[in-house]
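The entries follow the order in which I looked things up.

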Amino acid sequence: MTLTSTTRVELQQLAAQYPQPRSALLPMLHLVQSVAGEVTAEGITACAEVLGITAAEATAVATFYTMYKRDAVAQHHIGVCTNTLCGLLGGDAVYDALSARLGVGHNQVNADGFMLERIECQAACTHAPVMTVDWEFMDDVTPGTAVAVVDALSRGEQVQATRGPVIRSFVATEHTLAFPLDGLAAADNSVDDKMLAGLRVAQERNMSAPSIPQEH
Amino acid sequence: MALTPVITEFWDDPSLYTLDGYKSHGGYVALADALKQDPDSIIATVKDSGLRGRGGAGFPTGLKWSFVPQNDGKEHYLVVNADESEPGACKDIPIMIANPHALVEGVIITSYAIRASHAFIYIRGEVPHAIRRVALAVEQARAAGLIGNDILGSGFDLNIVVHAGAGAYICGEETALLDSLEGYRGQPRLKPPFPAVAGLYASPTVINNVETIANIPYIVGRGVDWFRQFGTEKSPGFKVFAVSGHVKRPGIYEAPLGITMRELLDYAGGMRDGRPVKFWLPGGSSVPMLTAEHLDIPLTYEDMAAAGTMLGTGTPMMFDDTVSVVKAVTRWLEFYKHESCGKCTPCREGTYWITGVLEKFEHGHGSSEEVETLVTLCNQISGRSFCALGDAAATPYPAALKYFRDEFDAAITTSADEQFNPSASYVFAEAVSR
């Protein structure tokens with residue numbers, strides 16, 4: 001795949017956001033990954049050229065971070081948290097079921113363009129076991145509901161994140177990570193029952209913080 | 001002790017994430033007040049409030065700010081650490097999704113106080129929904145003249161950049177975060193110099209956690225006396241606790257510091273199926289575990305330290321008696337091994353060896369000598385690594401051994417899965433073929 005002039009302009013825009021352009025390297029790598037579904041040699045070179053660093057220097061960074069992929073994720077990235085809490089609460093079984101369904105193991109891409117990854121803590125432990133699709137939240141999954149999500153995606157059906165927008169694609173999320181104003185912030189499922197658990201208890205039991213002093 | 005929603009008070013208003021929604025609940029009033037004050041008086045207010053960093057270490061926030069040399073003619077920077085990746089920690093991402101303007105208002109006030117004209121919010125890359133909501137909040141604040149040049153006619157200029165990381169737990173370590181934000185591999189720096197003197201681009205930099213910064217509008221807007229009604233002398237204020245694990249109602253519970261785990265557990269509906277607490281961790285996998293006998297200790301920095309652990313991120317993980325502690329600890333060490341940045345030998349090699357030995361125990365092939373070998377390995381990492389990741393990796397095993405030595409002894413011959421049926425720990429009833 002060849003980077004378009006649009007992408008090259010966007011790379012320049014990212015570099016211009018920072019007092020020192022090299023600070024843009026991580027978002028720039030997300031951007032080139034949004035074109036190819038992986039960080040290609042061409043993408044590395046494009047980033048390096050914009051920043052005036054060598055391809056080796058850019059590669060050293062790209063290989064450090066786990067979100068940058070070496071195999072093209074043509075369709076969807078499926079993450080399952082198998083860190084202690086999610087894994088023991090059922091994430092291990094979710095991972096096994098998805099691995100069987102997709103026919104691949106950790107960090108592998110199947111023939112349909114789905115990558116499966118054992119991910120580390122996703123900062124959603126209250127919603128364990130946690131799965132992600134293109135890094136959008138799929139909270140509180142079971143082996144059955146996780147496989148059903150993959151089945152629906154495979155049939156091209158619309159799938160809604162549990163907290164977040166309708167699932168798009170891996171590359172669309174990667175573009176969001178470079179340019180986050182994607183118009184999808186409104187998703188009305190964003191704040192769910194678990195995020196409101198304490199507030200609801202407080203409301204039921206008439207609990208509140210001390211009142212605000214008048215002089216303030 | 002009662003729950004006290006402050007940061008979470010209006011989370012049931014679906015418009016709270018917008019500028020209008022936030023303003024309808026009093027948002028950005030504190031900013032207008034702050035910009036009329038001398039920056040030093042805001043630093044003094046935050047110092048007097050006693051606010052301590054909510055990222056895990058609990059360092060006094062106002063003190064950290066005061067380390068930035070003033071009138072030095074150098075550019076100053078504020079960097080928000082939104083790399084929430086500690087296993088068990090899940091409170092910053094909800095804050096950014098539900099109430100992003102509290103963070104943005106805190107960033108503007110803090111930048112004014114430390115005289116920074118550039119601020120960065122470094123959010124881990126794996127949470128696009130939090131990133132887009134914070135980015136929108138920044139954009140709306142910019143459009144309303146709350147970010148940019150001459151904010152509210154004060155003469156104060158500020159630019160805020162929302163920056164996505166790319167998957168590296170180590171970037172939650174503040175100096176690794178700076179290297180990452182400069183476009184390098186995220187590896188920690190030698191301290192001193194500390195970031196307050198030589199941080200981002202070798203300039204004075206304050207790095208604060210999301211929840212810490214989200215406290216600032218409430219402290220500045222409502223005052224030190226109001227803030228100190230919560231918590232204890234050494235741990236003032238309120239805390240966004242995230243309770244996870246085998247509880248009936250896992251979720252976000254905001255309460256004063258000093259509430260006990262038993263009280264929080266009661267609000268969360270108790271343990272599932274009335275099962276007993278086997279072990280729990282007050283704030284992430286990097287703090288030593290506790291047991292049911294510790295449920296009545298106040299959740300403060302000082303009381304947790306006295307109990308031999310740390311408050312950490314204040315996000316308790318609760319495990320019931322279906323869980324194998326050998327398996328839990330092994331999994332955490334696999335995490336630290338995976339996330340070790342490789343810069344220093346004790347952590348890079350040590351996490352490899354501890355994990356290898358622990359995996360033998362998990363599979364029922366340990367030995368009595370190796371129960372002690374693991375202690376030695378942990379001692380050789382703790383205090384000898386470049387940053388706190390090594391210390392953290394050396395934490396789970398000694399704590400587990402202290403309370404559950406019999407399980408490691410049993411794992412010399414009996415695997416974790418034979419000792420504890422894995423499916424008994426699952427939170428769903430669905431049958432699983434293994």
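Which residue is the bridge partner of B:Phe238 in β6(B)? I found B:Pro256 there. This is a predicted model, in which local features need pLDDT of at least 70, side-chain atom pairs count only at pLDDT 80 or more, and totals for chains, interfaces and linings use all residues. Residues are numbered from 1 along each chain as written, chains are lettered from A and ligands numbered from 1 in the order written, and side-chain values use heavy atoms, without hydrogens and water.

I then followed strand β5 (residues 238-245) of chain B, which six bridges join to β6(B) in antiparallel fashion. Strands here are DSSP runs of E with at least two residues, and helices are runs of H or I with at least four, numbered from the N terminus; two strands pair if DSSP finds at least two bridges between them. B:Val243 has B:Gly251 as its partner in β6(B), and five residues separate the two strands of this hairpin. To β8 (residues 317-320) of chain B, β5(B) runs parallel, with two bridges; B:Gly245 is paired there with B:Met318.

I noted the open sheet as β6-β5-β8-β7 (chain B), with mixed pairing. Its edge strands are β6 (251-256) and β7 (277-281) of chain B.

I checked burial (under 20% relative accessible area, 1.4 Å probe, protein chains only): eight of the eight residues of β5(B) are buried. B:Phe238 and B:Val240 are among those on one side, B:Lys239 and B:Phe241 among those on the other.

Methods. Buried means under 20% relative accessible area, exposed over 50%, partly exposed in between (1.4 Å probe, protein chains only).
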